[in-house]
Amino acid sequence: MIYNFQSQQIANPIEQAQLKLKMHQEKGTSSQLSIFEVASLMDTIVFKQAINNSSNGTFQICFN
């Protein structure tokens, strides 16, 4: 069974990632972001062209 979902993006995800990383840098060791969240945000920025090309606002989930 495959479900299709429509997602809405309120703001530019790249700008959001940059803002979160800037706040993370300013907070230093008191930041609440995990290393995995930081890596994900960095991937969003670095691979922005791949995200922009493949993002059509839908995604699928397959339940087996």
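Is Thr-44 buried or exposed? Keep that in mind as you move through this predicted model. The tour reaches Thr-44 in helix 2.

**The whole chain**

Start with the protein chain in cartoon view. Its secondary structure comes to 3 helices and 2 strands. Follow the chain along the sequence and the pattern reads β-α-α-α-β. Now colour by accessibility. The chain has 64 residues, and 12% of them count as buried.

**Helix 1**

Select residues 13-27, which make up helix 1. Begin at its start, with Asn-12. A side-chain oxygen of Asn-12 comes to within 3.1 Å of the backbone nitrogen of Ile-14.

Show the side chains of Ile-14, Ala-17 and Leu-21. These residues of helix 1 are buried. Turn the view to look down the axis. The buried residues fall within an arc of 60°, so they line one face of helix 1.

Now look at the face turned away from that buried side. Glu-15, Leu-19 and Glu-26 are there, and they are exposed.

Stay in helix 1 and pick Lys-20. Its relative accessibility is 46%, so Lys-20 counts as partly exposed. That value falls in between the cut-offs of 20% for buried and 50% for exposed.

Step just past the end of helix 1 and select Gly-28. Gly-28 takes a positive phi of about 65°.

Go on to Ser-31. This residue sits in the loop between helix 1 (13-27) and helix 2 (35-46). Ser-31 has 15% relative accessibility, so it counts as buried. Show its side chain together with the backbone of Leu-33. A polar atom of the Ser-31 side chain lies 3.3 Å from the backbone nitrogen of Leu-33.

**Helix 2**

Select residues 35-46 for helix 2. Helix 2 has 12 residues. From its first C-alpha to its last it reaches 16 Å, close to the 16 Å expected at 1.5 Å a residue.

Which residues of helix 2 are buried? Show Val-38, Leu-41 and Thr-44. They cover an arc of only 115° around the axis, which puts them on the same side of helix 2.

Turn to the face pointing away from the buried side. Here you find the exposed residues Ile-35, Phe-36 and Val-46.

Now zoom in on Thr-44, in helix 2. This settles the opening question: Thr-44 has a relative accessible area of 17%, so it is buried. The Ser-40 backbone oxygen lies 3.0 Å from a polar atom of the Thr-44 side chain.

**Where the two helices meet**

Show helix 1 and helix 2 together. Two packed helices are described by the angle between their axes and the distance between the axes.

Take the distance to begin with: the axes of helix 1 and helix 2 come within 9 Å. Then the angle: they cross at roughly 135°. Helix 1 and helix 2 are therefore oblique to each other. Their crossing is left-handed.

For the last stop, select Lys-20 and Leu-41. They are 21 residues apart along the chain. Their C-alpha atoms are separated by 7.9 Å. Lys-20 belongs to helix 1, and Leu-41 is one of the buried residues of helix 2.

Methods. Residues numbered from 1 in each chain as written. Predicted model: local features only at pLDDT ≥ 70, side-chain atom pairs only at ≥ 80, totals over all residues. Heavy atoms only, no water. Helix = DSSP H or I, 4+ residues; strand = E, 2+ residues; numbered from the N terminus. Buried < 20%, exposed > 50% of the residue type's maximum accessible area, 1.4 Å probe, protein only. Polar contact = N/O pair within 3.5 Å; in protein donor to acceptor, adjacent residues only side chain to side chain. Expected span 1.5 Å × (residues − 1). Arc of directions from axis to C-beta. Axes fitted to C-alpha atoms, helices over the stretch in contact; angles between N-to-C directions. Parallel < 35°, antiparallel > 145°, perpendicular 65-115°, else oblique. Left-handed = near helix turned anticlockwise from the far one by under 90°.
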